[in-house]
Amino acid sequence: MTKKYTMSVGNDIGNSEADVYIDGKLVRQPNVFSSIGQLPWKDDDIDVQKNLKNIFDNLVVSIISPAVPTGMYTIGNHALKTNGENVTSLYVKGNGSKADQLVPYINTLALIAARAVQKAYSENDNLNEAIEVEADMAAALPVKQCSPTNTMKLRQKFMLGSHLVTVHLGLTKSVTVKIQFHYVHVLQEGTAVVFALQMNSNGDWRTTSYNADEVETEDTNLPGMFDKFAELYKLGEIDGSYFEGKNIMHIDMGDGTADTPLTRGDAVDNDFGDGINSGVGHAITAAIPDLLTLAPHAFNSITRQQYSEILKSQRSNKKHKFLNEALQAFNPHCDNQANQILHHSNDQILKIGANDIDIVVAYGGGSILMEPTIYNKLKAICDNTRIQLFYVPAEYAVTLNGEGLDYFVKSPIYEALKMKFLSSPEYVSMKKVEENKKSTVKQAASTKE
């Protein structure tokens, strides 16, 4: 018997981290993988239970898919832990698109399969059944990469055919998950955030956590999302409804890009979609040689993701031993990147026109590390142009894209776009290609016989 699940996927394909909502659950992983030649597990009796308990931190998969080379891969945290600098991550330099790289496809398929195994195990702990997943997905590309060609490529690689992902839980124990995508819609990064600014996962006006059922359960000290913003502009007590119908210029500060789209209400103004290839990932890449010089006995080499974890430790109770050296190496390069983003944002405000912007909303993982450099200067620009600045608190800044994509993929807007696509020439062409491939495989098989 086969278990069958229908899942929605809101996929924020970050250069440093993947923030993916799968079946309503947020999965956060370093966006890296490593190819391996053999299973790392030694003992099913020990490994299977450990891996089921922490499936996303111990993820090893084999994939047979038209989207990626057939192979065995370690994913995310497990790849970094076991392979260190010998991992594959998204390349942030140059003008290459995420749609052309393997990371989004391998990691997305692996995470969906792991979520399916996790769900099946919660229902029945024997895991002797195969699993099939039918998925609807919303993903995003940086504004400069979100061309019709790249959008079609990303969509078709997921939608063209089915994907077999074997999740290895031990030396002999594994579960095979067949994944088929109903539809994949690709947005510009930042544009789905308008939904996450306004609504929580239950569709109520947002005040704190996006996951409405988790409010006050994980962290009772979690600040209100809009408290500082409301205090700054003397707005009184507000919720997500404040952003309804507003013209918002976004500054989505990521690892490899900074995107500055304009949304009017819930709609994107395509005349003002813009962005630059600047971000904290570039600063980290430039800082790595400096850190290795400052701490020569601490590191042989270090990946961008590992460096990022050191920097994140400044917000945790356990700071990394070499945080000071990491900051010393990082800060000058971060200032350079922040100033580029600041200049671009100022140019974008002038291009759109100050009267056409109600609020500038700044967020993304880069916004946290760049805040000391960029906030006061950005606030001065907004004050001079009589635009409100909502600099999203660090507790909320990183996951807004994933939350917005999760809300969007469950919305009537997505369903309407899906129905339109399923009657489009592109979809008809895709189905023909898929049928031709199946026919070729059958002919090859009969020839061998």
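Reader: Hi! Which order do the strands of the open sheet come in?
Author: Hello! In this predicted model, 10 strands make an open sheet ordered 3-2-1-8-10-9-5-6-4-7, with mixed pairing.

Reader: Nice. And which strands stand at the edges?
Author: Those are strand 3 (25-30) and strand 7 (88-89). Each has a single partner strand, so one side of each is left without a neighbour in the sheet.

Reader: How do strand 8 and strand 10 run, parallel or antiparallel?
Author: Parallel: strand 8 (residues 130-141) is joined to strand 10 (residues 174-188) by 11 bridges. Ala 140 stands opposite Leu 187 in strand 10. Helix 4 (residues 148-159) also packs on the sheet, with strand 8 and strand 10 among the strands it touches.

Reader: Switching topic: where does helix 10 bend?
Author: Helix 10 bends at Glu 371, by about 85°, and Pro 372 follows within four residues. Among its buried residues are Met 370, Thr 373 and Ile 374.

Reader: What follows helix 10?
Author: Arg 386, with a positive phi near 55°.

Reader: Last one: which element has the lowest mean pLDDT?
Author: Helix 14 (residues 425-448), at 70, while strand 17 (residues 388-391) has the highest, 98. The protein chain averages 91, and 95% of the residues score at least 70. Where pLDDT is low, the predicted coordinates should not be read in detail.

Terms used:
Residues are numbered from 1 along each chain as its sequence is written. This is a predicted model: local features need pLDDT of at least 70, side-chain atom pairs count only at pLDDT 80 or more; totals for chains, interfaces and linings use all residues. Side-chain values use heavy atoms; hydrogens and water are left out. pLDDT is the predictor's confidence in each residue, from 0 to 100. Helices (H or I, at least four residues) and strands (E, at least two) are DSSP runs, numbered from the N terminus. Two strands pair if DSSP finds at least two bridges between them. Contact means heavy atoms within 4.5 Å. Axes are lines fitted to C-alpha atoms, for helices over the stretch in contact, and angles run from 0 to 180 degrees between N-to-C directions. The bend at a residue is the angle between axes fitted to the seven residues ending there and the seven starting there. Buried means under 20% relative accessible area, exposed over 50%, partly exposed in between (1.4 Å probe, protein chains only).
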